[in-house]
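Please take a moment to look over the sequence and the model before reading on.

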Amino acid sequence: MAWVLSMDEVIESGLVHDFDSSLSGIGQELGAGAYSMSDVLALPIFKQEDSSLSLEDEAKHPPFQYVMCAATSPAVKLHDETLTYLNQGQSYEIRMLDNRKMGDMPELSGKLVKSIIRVVFHDRRLQYTEHQQLEGWKWNRPGDRLLDLDIPMSVGIIDTRTNPSQLNAVEFLWDPAKRTSAFIQVHCISTEFTPRKHGGEKGVPFRIQVDTFKQNENGEYTDHLHSASCQIKVFKPKGADRKQKNDREKMEKRTAHEKEKYQPSYDTTILTECSPWPDTPTAYVNNSPSPAPTFTSSQPSTCSVPDSNSSSPNHQGDGAAQASGEQIQPSATTQETQQWLLKNRFSSYTRLFSNFSGADLLKLTKEDLVQICGAADGIRLYNSLKSRSVRPRLTIYVCQEQPSSTALQGQPQAAGSGGESGGGTPSVYHAIYLEEMVASEVARKLASVFNIPFHQINQVYRQGPTGIHILVSDQMVQNFQDETCFLFSTVKAENNDGIHIILK
């Protein structure tokens, strides 16, 4: 029995020794010196991947960053844009941060930049009717602005300006090298733009957008540098705090698995990069507010009218559109395309379309242009590209009767004899485009076409049955048939006081 026990001890000690020997190499093979993480990362595959990531970071590195000191909602799903609740009329800080790396944009050193902050609609449907929506708000809230700058609380901003015709925008200058904070107040609430008033939760979302520009060669702040925006909803005072609390309580009731699908609430809102607002560079030219838009009156104008070949009403009011009668060609170079955009009053988009040739621009659909330029300018650019002009309300053709053309006393020859006068000379008719449809417009445009002093025209008559003279009134002009042909002659008025025009 003793011999059996001694044999067991020998076997056990041998097994232990063998086991210890087998484990002795593990520390050496897996020791710290065997594999170095720095050596692994130095492999070519990791070097290549790291360099490509750094290049992407360089390309996406924005020069500025804007941070609004307001908490984001916790009830936003992971891949959706953040949503921030604001109280009406409360001041919120937007920190203007210089995000440039060492050596970036040296031309800004010691220089000021201009930023425009605006509140705009988030929904595309409302963006299309923004002007009407804001005009309606202005009518209901006379004297109020949608967006204001709290100047006493702001830091580092210079030369603040507001445009009376743009109630939703403020602008100022600032030095990127110095601490700058702009405190804004939003006075419109989300429910003011909904058909039915359901309360703040059912209101429409807005966007806060910041566009920053530097000076060009002429000293005007029109060269775009950076734009960023965020989504907001505006509630009546204290309403944003209640909504934030409700969202937080709802999230606390969700399971851990459901919470993983939502973003956490952050103390501040970082504005994300976006395209510049279409009319930002032209909002204020030469650092002075642009005049309020003017509308053409339907009353007869006393100003001079362009000559005969451009007497269309839309040509009178829009000289640039008429000057751009030359349509952009597909063969146009990028430089020619830029000139065409400038000539047609699309200067704010020259930077955006800097690499577009004529063919590239013509390939864009109406939907593309509305998406890029917004509803108003997108439709205007589309119509300009397609050379769409406004059709006049009435067109008449007029020829001045020659003294020797006695054969034309009855009716216009254009209708019956091929438009030739009695001597065989072709009668030249001029097109008169009428928009106001009044008698004074007929006289004014006849004077312009045929070089007759307008102040000398007393009356305009139309020759009726049996040669009677019928006074041309507004109602008669409105009953003219489109593209009617007229001959006209002039006779001296009584006492040689001017002339009368007789349409035949």
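Predicted model: local features only at pLDDT ≥ 70, side-chain atom pairs only at ≥ 80, totals over all residues.

Is S227 buried or exposed? Its relative accessibility is 2%, and because buried means under 20% relative accessible area, S227 counts as buried. When the neighbours within four places in sequence are set aside, the residues in contact with S227 are Q209, V210, D211, T272, E273, C274, S275 and P276. The side chain of S227 also makes a polar contact, at 2.6 Å, with the side chain of H224.

The chain has 504 residues, of which 39% count as buried, and its secondary structure comes to 17 helices and 20 strands. How do contacts relate to separation along the sequence? If we take the contacts between residues at least 6 apart in sequence, 69% of them join residues that are at least 24 apart.

Which residues does S265 touch, leaving aside its neighbours within four places in sequence? They are A71, T72, S73, P74 and Q244. Two of these contacts can be described in more detail: the side chain of S265 reaches the backbone oxygen of T72 at 2.6 Å, while a polar contact of 3.4 Å joins the side chain of S265 to that of Q244. S265 can also be compared in position with D247, which is 18 residues away along the chain, the two C-alpha atoms being separated by 9.9 Å.

Another loop, the one between β1 (64-68) and β2 (83-87), holds H79. With a relative accessible area of 81%, H79 is exposed, because exposed means over 50%. How far apart in space are H79 and Y262, which are 183 residues apart in sequence? From C-alpha to C-alpha, H79 and Y262 are 8.4 Å apart.

A search of the whole structure finds one cavity of 30 Å³ or more, and the largest cavity holds about 50 Å³ of space. Its lining is made up of V119, V120, F121, E130, L134, L146, N168, C188, F193 and F206. The elements that give two or more residues to this lining are β4 (113-121) and α6 (130-140), and the largest share, three residues, comes from β4. Sorted by class, the lining of the largest cavity has eight nonpolar residues, one polar residue and one charged residue.

The last feature concerns aromatic rings. A pair of such rings is described by the distance between the centres and the angle between the planes. How many aromatic pairs are counted in the model? The count comes to seven, and one of the pairs is formed by F480 and F486, whose rings are 5.2 Å apart from centre to centre, with 45° between the planes, an arrangement that is classed as tilted. Both residues of this pair, F480 and F486, are buried.

Conventions. Residues numbered from 1 in each chain as written. Heavy atoms only, no water. 1 Å grid on protein atoms, 1.4 Å probe; cavity = no way out; pocket = protein on both sides within 12 Å on 5 of 7 lines; lining within 4 Å. Points joined across faces, edges and corners; volume = space filled by probe spheres on them. Helix = DSSP H or I, 4+ residues; strand = E, 2+ residues; numbered from the N terminus. Nonpolar A, V, L, I, M, F, W, Y, C, P; charged D, E, K, R; others polar. Buried < 20%, exposed > 50% of the residue type's maximum accessible area, 1.4 Å probe, protein only. Polar contact = N/O pair within 3.5 Å; in protein donor to acceptor, adjacent residues only side chain to side chain. Contact = heavy atoms within 4.5 Å. Phe/Tyr/Trp six-rings, centres within 6.5 Å; stacked < 30°, edge-to-face > 60°.
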